[in-house]
Structure formats: structure tokens, C-alpha cells
Amino acid sequence: MAENSKTSPVVRIRDLRKSFGTNLVLDGIDLDVQKGEVVVVIGPSGSGKTTLLRCINLLETYDEGSIQVDGLEVGFRDGTGGGRQRRSDRELARIRADIGMVFQLFNLFPHLTARENVVLGLRKVRRLPLAEARRIAEHWLVRVGLGDKLDSLPSQLSGGQQQRVGIARAVAMDPKVLLLDEITSALDPELVGEVLTVVQELARDGMTMIVVTHEMAFARDVGSRIVFMDGGRIQIHGTPREVLSQTRHDRLKAFLARIELKLH
Amino acid sequence: MIFALQSLPYLWQGLLITLEVSALVVVFSLIAGTILGVAIVYGPRWLYWPIRIYSDVLRGIPLLVLIFFMYYGLPLFKINLTNLASVVLALSAFKTAHIIEVVRGAIQSIPVGQTEAGKTIGLRFGQRLLYVIAPQAVRRFLPPWINAVVDTVKGSALISLVGIVDLMLAIQQVIGRTYIPMPLYVLGALMYFVINYSLSLASRRLEARFAYIRE
Amino acid sequence: MAYHLNFGYIWRHFDKLTWGLVLSLELAFVSILIGMAIGLSLALAYTGGGRRVRGIVAGYVEFIRNVPLLLLVYLVFYGVPSIGGFAYDATTSFIITLSVYAGAYMVEVFRAGLAAIPKGLIDAGKAIGLNAWQRLIWVRLPTMFRIVLPSLSNAYVSLFKDTSLASVIAVPELTYGAQWIKTNSFRVIEVWMVVTPMYLITGYALLFALQQIERRFAIQR
């Protein structure tokens, strides 16, 4: 993996701070994600990991600090007077088109078939001709194992199938980075595997990803690095082996114990 | 009875006025109500309160009072409209207030995850509205909207009270000449019923067309 | 030449409006009571009845809902006595109309309310040995009323606004009072400037008051 690469990171986060009212949820986050890396973010609920993910494509605004994706500040542009200005809807749309996201609750468009879900962004954002958009959509749906479900509506698909459409919809846009927000948490246990297999293949193909998950086996096997968050801060940061061997770290120990309990 | 039959063309004329006024009001209120309904959900705060107050005030006064107010009041402000235009305006203003709430309710029934999914694939506001929100909201919009259309046709009978010869006034006038009230009222009721009931039936068919959209 | 507002005549005859407002509220109140009686009986008949009963109830509801209230007002006041060979005063006639009208809407409200009662509650009633009649009185109706309370509040305010139609058969409610003043003084715009807020404020005050009552009942859950 390109861990020590000298090239500029795909995602560069510096001193990120955000609060909801008086509740500080992100308390100075620094994180670089290099091209081709899979960064797995773990931590107890309320640790700020989902908020971190949602800040990266500005589904949540951030108060202080900086997030750059491919060298471009996500939330703000430099104002005329040197200050920071919020980006317009149009600018944000352009930036978000290069950041893929897959949601815990799939969020497929229920009025569109699997193929149409994938085609929408390719047509309206990438401005591809219909034939080409359909070709790309079919390619990715076949890749995630849904070649026979192209014309199915989300309501006709199982949770695992829906989530694989969600992944196809995101990767078809050819994003610079893919954000996965607890994508297996809402699935029945027997459906988790089929979704994680798809993600594993994407990782092998070099897709840059930031993954929030509770699947520790996945984090260990697929992650280039693991980030353990608690209380709005990054507590531990390193390779899976480094992080998971720090069994004397109290908070990590408590967290892993709870996860284990849930698994058994 | 012969008189009543001879009066049928006259009732037909009235029916046309009823349908014409209703159609205009339905179109105007749909356009204005959709724009204001979208604005009240997504617009800036300085737009929210004026629309909120407009909608609550208009829905809070009897339609008859509004019609009288506009019919007699507008000329005093040197706004000279034809009788027909002034009642169409009054009915449209009234209906718009209701459509605003229907549109608002339909949009807010869509889970926020849909908007977020639209954002993450890079859709702009207008595109999210057009390709993500509207196709889903239309299913929630249709039943109360058809109700509003039926209400419009029924409410249009009030324009007879400022002397516009719609179906209602045509019936009254024929009764004034023939002195057979009951059969004519029943006939009139049936005419209104047929229009409105077929609207309800049409809406049920439309709803069935959108039934495939489930979360 | 500019029009000069002059409210003098209205203030001198303001009692026409206050008494009109009181009558409007009374008309709506009596009508919703009768309407609820009609609505509840028919909703129960519909829920427990066979095809024919359902057909008749649905016919009544659909007919009333698809015909203008104004036409019903005329029909009851002018039409029915013309074939019945009897007469009644305008107020009685209007109360009959508005009650039958309210009844159709109440059927829908109560039907939805009865359908929304959790099945477990009825089973619980059976489990403690209540018969069908006792379950209705002690379980189904109290639960249903709590469910439909917000709809009843809205219906009452809506009927209050509908009472303005009584003016067309000279029932001396608020809108009639307004027209009386208009006819006698030609202060057209002034009278609507006074009467419109009267409807508006009364309607929202009622809604607010009824919501307070609703909240009381809601806490008991």
C-alpha cells in the first residue's frame, strides 16, 4: 500500500472541529488518506466517527479546521476579502460528485430501478449519453453480483442486494474517495458477508476508502490503517496490527469488549 | 316539467362557467401553491414567515367572506377586475393556501436520506427536487390535492352569490321561473356529484399508478 | 378621489356582529353534536354491518362530500318543504343541513378512529370477560374518542367557518350581520375589515383552546 507515498493525500483533514450546540463532537481531528488506502474508523457510538465521515462531503458543515479532497477545500472557498465563504450549492455538487458515499440505510431512490439508481448521477451529473451511462451502470451492477436484478425496484430487493446497489451507485461515479458509513449495520447477519466481499474486491482494485464499521474482522483483514475514535478525538492510529495489539489502552479495550459481546 | 327540460341548455351554460372557473383556479393554485410550498420548505427564513402567515390567514377565514371582501373591496383600491376575474382571484388565493400545505406535507414526508443520497452523487438543488423529491412526493401529494380540486368545484358554487351565472345560479334562476325547486336541486346535486365523484375515481387510479414507490 | 374609511356605523351596530358571532358558534356546536351522533351510529353500522349497510353509508358519505354545501342549504330550505307540504324556520333548516353535512364527515373520522384501535386492547377486553356491548362502551369508544379528538377540533372550527353560508337564507349569524350593515350603510370595505378578523381570531382561539383540552386527554395515556 502507498502508506509512505510522497504524493499529496487524496483526503487531508487538519484540526477539524465541530459541535452540535454545546456538544463538541469533533475535537481537533488530523487525518491523511493516501490514494489506494482503506482507512477503517472504529469507535463507540457518539465518538464522532459518522459525523467525521459526513463532514468530508459536507452533509454536515464543520466549524473550524480544514478538509481537502484532492487539494480542494470542501466546505469553504476563499472569499474576496481573504475570509472563508461557504460554497454554493453548485460548487458543492461538483465536489460531491467526486466523493462517493454509501449509507447505513441504503437510501436508494425507491421510485427508480437498480439500473436507474446508478444511471441518474452518470446522466445528470457526469452528463454521459444514455447508452454509455447504462453500460457503466450494468457493468457495476454485474460486478456487485446483481446482473439479474437490473430492472428490479429497491422494494423488490433484499437488504444486502439494496446495499450492493448503493455501492454500485457510488463507485459508478468513479469517485476519488469512497465513504462507507456502517453499511452493514442494518443488515441481517447472514447478508453481511455478500456486502463486505464486494468492498474487499474494491479495496483490492485500489479504491481509496474511509470505512466506518463495527466489523472487526473486516477492519483487520482489509484496512490499511485503523483509526480508533473516542470523545471526538483520534485516540489510536496505525496499522491494524499496531492498533489491535494495544490491548492495554483502556478505552480501546472497553470498546473491543463491547463489540465482542455483541458478536456472541 | 316541460319547463325544466327546456331549461337544460341554460344549466349547461352554467355548468360550463363552473368548470371554467374551477379549472382556472385549479391551475393557478397548483402553480402558486407549488412554488410557495417549495419555498416554505427550502427557502430562506425571511420567506418562511410571510408564506406561513399568508397560508394560516387565508385558511382561517370563510371562503364566502373572502369572496365578498375581494369582490367589493378591490374596486375601492382602484383595482378594477371583471366580476369573473375577481372571484377567480379570490378562489385561487384561498386554494393556494391549501395547496401550500399539501406540497409542504408531501415534501416533508420524504426521508432526509433521499436528499442526502442525491447530494452525494453530486445532484444540484434543482436536480434533487426534480429527479429525487418530486417523483416520490407526488404520491403523497395526489390524494389531498384531488380533495382540494373537489373542494374547488364545490366552493365555486359560492360565486353565484355575487351574481355570476354558474351552475348554482343557473339552477336558482330556472327555479325562479318554473317554481319546481326539488327536482332541479336534485338534478343540480347530481351534476356536481358526477363531476366530483369522477375526479375521485380518477385520483384512485392515479394513486394506484404510483403505488410501486415504497421505501 | 380617495376613499375615506368610516367605521362609525359599524361600531353603532356592533351588537349585530357580536350576536351574529355567538349564533355562528351555536350553529356549529349544535350541528357537530348531531353530526357526531349520526357519524358514530353510521360508523358503527358500517364497521359491523353487511354489504348493504356499507353501501348505504358509503352512498350517503360520498353524496354529501361531492355536492356543494350551498346547494344543500338551498335544497333543505326551499326544496324539501316544497314537496313535504310543511315549513320550518331558516335556523332549523340550516342546523339540519349542517348536521347532515357534518355527519358525513364524522362517519369518516369515526370509521378511521375505530380502525385505529389497537387489536390488543380489544383482545384484552375479551380476556377479562367483557361482552361485545361492554367492550364497545368501556374499551372501544373511549379509545376511539382519544384518537379522533384532533379531527373533532378541526371539524368544529371548519363548521364554524361554514356557518357563513347560513346568511344566504337570512339566518342572522355573523356574515348576515355584516351584509345587513353593508346594505344599510354601504360601508362595504369597512365591514369586511372588521368581520374577517373576527372569524380569523375566533377560529384560531377555538383551535388553541381545543388543543389544550386535547393535551389533557393525551397526558392520561
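**Who touches whom**

Chain A and chain C share no contact, and their closest C-alpha atoms lie 26 Å apart. Two pairs of chains do touch, and chains B and C have the most contacts of these. Keep in mind that this is a predicted model.

**Chain C on its own**

- Of the 221 residues in chain C, 47% are buried.
- Take the contacts in chain C between residues at least 6 apart in sequence: 79% of them join residues at least 24 apart.

**The nonpolar cores**

- The largest nonpolar core holds 107 residues, and Phe94(C) and Phe110(C) have the most contacts inside it.
- Helix 5 of chain C (residues 90–115) is the top contributor to this core, giving twelve residues.
- What does Phe110(C) touch, once its neighbours within four places in sequence are set aside? Its contacts are Met36(C), Gly39(C), Leu40(C), Ala43(C), Met144(C), Phe145(C), Val148(C) and Leu152(C).
- There's also a second, separate core of 56 residues, which includes Leu26(A), Ile29(A), Leu179(A) and Val103(B).

**Where chain B meets chain A**

- On this interface, 22 residues of chain B are in contact with 25 residues of chain A.
- About 2200 Å² is buried between chain B and chain A, with carbon and sulfur atoms giving 60% of that area.
- Thr120(B), Ile121(B) and Arg124(B) stand out here: they supply 30% of the area that chain B buries against chain A, more than any other three residues.
- Two salt bridges link chain B and chain A. Arg128(B) makes a salt bridge with Asp89(A), and the closest N and O atoms are 3.5 Å apart.
- Eight residue pairs are in polar contact between chain B and chain A, counting pairs with both residues at pLDDT 80 or more.
- On the side of chain B that touches chain A, helix 6 (112–120) and helix 7 (125–155) each supply at least two residues.
- The residues on that side of chain B split into nine nonpolar, seven polar and six charged.

- Ser22(B) sits in helix 2 of chain B, residues 8–42. Is Ser22(B) buried or exposed? Ser22(B) counts as buried because its relative accessibility is 5%, under the 20% cut-off.
- The side chain of Ser22(B) reaches the backbone oxygen of Thr18(B) at 2.7 Å. Beyond its neighbours within four places in sequence, Ser22(B) is in contact with Thr152(B), Val153(B) and Ser156(B).
- Pro75(B) is found in the loop between helix 4 (63–73) and helix 5 (83–108) of chain B. With 36% relative accessibility, Pro75(B) counts as partly exposed.
- Pro75(B) and Ser86(B) are eleven residues apart in sequence, and their C-alpha atoms are 9.7 Å apart in space.
- Leaving out neighbours within four places in sequence, Pro75(B) is in contact with Met70(B) and Asn80(B).

Terms used:
Residues numbered from 1 in each chain as written. Chains lettered and ligands numbered in written order. Predicted model: local features only at pLDDT ≥ 70, side-chain atom pairs only at ≥ 80, totals over all residues. Heavy atoms only, no water. Core = buried A, V, L, I, M, F, W, Y, C linked by side-chain atoms within 4.5 Å. Buried < 20%, exposed > 50% of the residue type's maximum accessible area, 1.4 Å probe, protein only. Helix = DSSP H or I, 4+ residues; strand = E, 2+ residues; numbered from the N terminus. Contact = heavy atoms within 4.5 Å. Buried area = accessible area lost by both parts, 1.4 Å probe. Salt bridge = Lys/Arg side-chain N within 4 Å of Asp/Glu carboxyl O. Polar contact = N/O pair within 3.5 Å; in protein donor to acceptor, adjacent residues only side chain to side chain. Nonpolar A, V, L, I, M, F, W, Y, C, P; charged D, E, K, R; others polar.
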